Amino acid sequence: MSEKQKTIVFQDDEGNEIQLEVLEQTTIAGQNYLLVLDAEEDTVLLFKEVPEDGEFVSYEIVEDDTEIEALLRVFNELLDDMDITF
């Protein structure tokens, strides 16, 4: 994802495209993560980057509770100046 890109398009299980606002991104131990906002649902989601064939990547929702807790601590520090609570 480029530094200037502020939105990504996610496809749900039914094939519907959902536009998500990227609030922050970080890299931990070589793994890229995104914190995104689904304004329509008023929820935030955590995604991790998954390499695909060639130059392409995809993003998967982080589901592991331990990983989520660690990421929320990191993103909370990164977004210290924003009014977002987890």
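1. The model is predicted, so local features need pLDDT of at least 70 and side-chain atom pairs count only at pLDDT 80 or more, while totals for chains, interfaces and linings use all residues. Residues are numbered from 1 along each chain as its sequence is written, and side-chain values use heavy atoms, with hydrogens and water left out.

2. Helices (H or I, at least four residues) and strands (E, at least two) are DSSP runs numbered from the N terminus.

3. Glu67, Leu71 and Phe75 of H1 are buried, where buried means under 20% relative accessible area, exposed over 50%, and partly exposed in between, with a 1.4 Å probe and protein chains only. On the other side of H1, Asp65, Thr66, Arg73 and Glu77 are exposed. The buried residues of H1 pack against S2, S3 and strand S4 (43–51), a contact being heavy atoms within 4.5 Å.

4. The largest nonpolar core has 8 residues: Leu23, Tyr33, Leu35, Leu46, Val62, Leu71, Phe75 and Leu79. Such a core is a set of buried Ala, Val, Leu, Ile, Met, Phe, Trp, Tyr and Cys residues joined through side-chain atoms within 4.5 Å. Strand S3 (31–38) and helix H1 (65–78) each supply at least two residues of this core.

5. Threonine 26 lies in strand S2 (residues 17–28) and is buried, with a relative accessible area of 16%. Leaving aside residues up to four places away in sequence, threonine 26 touches Gln31, Asn32, Tyr33, Val74, Phe75 and Leu78.
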